[in-house]
Amino acid sequence: MPEKNIVLIGAGYAGVHAAKKLAKKYKKDQSVKITLIDRHSYHTMMTELHEVAGGRVEPTAIQYDLRRLFNRSKVNLVTDNVTKVDHDKKVVTTEHGSYPFDYLVLGMGGEPNDFGTPGVGEHGFTLWSWEDSVRLRRHIEDIVTQASREQDVEKRKAMLRFVVCGSGFTGIEMVGELIDWKARLAKDNKIDPEEIELMVVEAAPTILNMLERRDADKAEKFMNKKGVKIIKNAAIVEVKPESIALKSGEEVPTHTLIWTAGVRANSDTKDYGMETARAGRLKVNQYMEAEKFENTYVIGDLAYFEDDGKPTPQIVEAAEQTGMTAAKSIIAEISGGQKEAFQGKYHGVMVSIGSKYGVAHLSSLHLSGWFAIFMKHMVNLYYFFGIRSGYYMLQYIMHEFFHIKDHRNIFRGWSSRYGNVLWSLPLRVYLGWFWIDEALAKIYGETTWDKVSLTNLSPLFNGLGDDSWLTATTSKMPFDWLQTAATSGASQAAGDAAGAAAQNVTTPILSHMPGWFEWIMKLIMPNQDVALFMQKVVPFVELAIGLALVVGLFTWLASIGSIGFLAMFTLSAMLGWDKFWALPASIAMLNGAGRTFGLDYWVVPWFQKHLGHWWYGKPRSIYRDSNR
């Protein structure tokens, strides 16, 4: 088969999904070349821009490097600006190169639509890119600081009044972040939080018009409760340096106008000679093929296709599905088969209003408050699953749940790791010694912890006869040794407290081994030989866990091992209440305790750097991939 060149422009939601699908299909087909061009070396999680602009997460939290997304795939990455698309010669020209194509996918997305309102570009702030979010964040921090020093009362009020134009998802989510952030802004600048005024200006008579009214009303009620002033039926006709003018003639003093009122197609496509529809979006058919141009596909917010009489919505799910439709169409062209027509299947919509409250409509389910925010996190995690990026799934979890300050997450900050883990150092060392002592007791036959012998302590290794595994005999043990051990353990645990005390044995947490766990153990250790081998190995694993915890080396992995062993011993009806403390202690050690006076301070960053570069590749600010 002759070589086929597939060129995708734009690494947004649609472009990433399409490139992933094509790369997976043609992973071993050297005749198909895939090139992804974007002006940035990263993919931006657009739905979380408000979190950066509102100071909840750091800018890098929503910036996903393309090398980490596409390393070990056949996708060639190019960081450049596209200047021309020649459909006759089938060549994409950029500022620094040119790329021939047999199939072209346009996924550059949209951009803010100011509807020709004077002053928006000069004095307003948009929220449609990573750069926008960083710029807005810095402005908010700076203007509050300036206001804290301002002596003129009226000017100070204007500086502390933040106005959002538009009550769609972006605008309301931005207001929600400001609700959460204003206490911190006020504290850092020694002002009263009540001085910071939040306002939403909407030209329509209602807000959040993509939601059912009952959901939108809940959101409006929440914002009113938090002191947000919502002005409806009020179009902004001009944005000035220190105020905005409304259609009614009213002028609102403010130094911060955040414009989220609309979206239009990326203006870069205006010279592509393609047929446009409303807001400049490019017309496509049901296979996402551009009208009048063969083998050219348009996806994401850029594409205009009427599904059941309505244009595809400019939401993430639609972008992903249009990208997949275009990829499948190209696969059908190259490899044969029937193309699949686009059918929008949307599971619902949701909007967050800060870190702790939201509203959502998912299929027939209406959610609000904690459950709506929880579902939003689940949807975001599913997104990473869809693009097969475990690395960024983990990063998202760390940023959203563990690296949060000021209680700005779904768990009210309880899960935040921002605290002095120095105080967990004694617990880490003590837990480590616990495992070292357990291991040495089994290796040398010492009877520690109430002088319980290995035979009495562990039904898993019952029948070994001696306190020391080094002198264990290989006397007969029936194939169903595990069942016998479990029964023996249950009989012993069923004795009264006086009997247990007489034997100096602590009553186990469970009186007998659950049947399902017994079944698992039989699979793992089906006979005496395997059991003897496990008996010899386990003490040394325990010793390794203990040493790792004491010196703070790979503490997270050692803690996982500790949790696993304790869970196994508990389910085996062999762990007493006197040692149960080690389980919550092991969980506590997952909070980065190894970097406090431990080797993890040096070792973990080294492994993260070198193994990360080996597996994911080294991130660059500019990509110039050729055939790889």
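Predicted model: local features only at pLDDT ≥ 70, side-chain atom pairs only at ≥ 80, totals over all residues.
In strand β16, Leu246 is the bridge partner of Ile236. That contact belongs to an antiparallel pairing of strand β15, residues 236–240, with β16, and the pairing runs over 4 bridges. A hairpin through 2 residues joins β15 to β16.

On its other pairing, β16 meets strand β17, residues 251–253, again in the antiparallel sense, over 3 bridges. Here the bridge partner of Ala245 is Glu251 in β17. These two strands also form a hairpin, with 4 residues between them, and Gly249 in that turn has a positive phi of about 100 degrees.

How do the side chains of β16 point? Ser243 and Ala245 point one way, while Ile244 and Leu246 point the other way. In a regular strand, side chains alternate between the two faces of the sheet. In β16, all four of these residues are buried.

A search of the whole structure finds 27 aromatic pairs. In one of them, the ring centres of Tyr64 and Tyr392 are 4.6 Å apart and the planes stand at 45 degrees, so this pair is tilted. The pair links distant parts of the chain, with Tyr64 in strand β4, Tyr392 in helix α11, and 328 residues of separation. Tyr64 is buried, at a relative accessible area of 2%, and Tyr392 is buried at 6%.

A second pair is formed by Phe222 and Tyr357. Their ring centres are 4.1 Å apart and their planes are at 5 degrees; the pair is therefore stacked, since planes under 30 degrees apart count as such. Phe222 lies in helix α8, whereas Tyr357 lies in the loop between β25 and β26, 135 residues apart. Both residues are buried.

Tyr64 and Tyr392 also belong to one aromatic cluster, whose members include Tyr13, Tyr383, Phe384 and Tyr616.

Two charged residues sit over rings as well. The charged end of Lys20 is over the ring of Phe70, 5.2 Å from its centre. The charged end of Arg72 is over the ring of Trp614, 4.8 Å from its centre.

Just after α9, Gly336 takes a positive phi of about 90 degrees.

Definitions and conventions: Residues numbered from 1 in each chain as written. Heavy atoms only, no water. Phe/Tyr/Trp six-rings, centres within 6.5 Å; stacked < 30°, edge-to-face > 60°. Buried < 20%, exposed > 50% of the residue type's maximum accessible area, 1.4 Å probe, protein only. Lys NZ or Arg CZ within 6 Å of the ring centre and 35° of its normal. Pairing = 2+ DSSP bridges.
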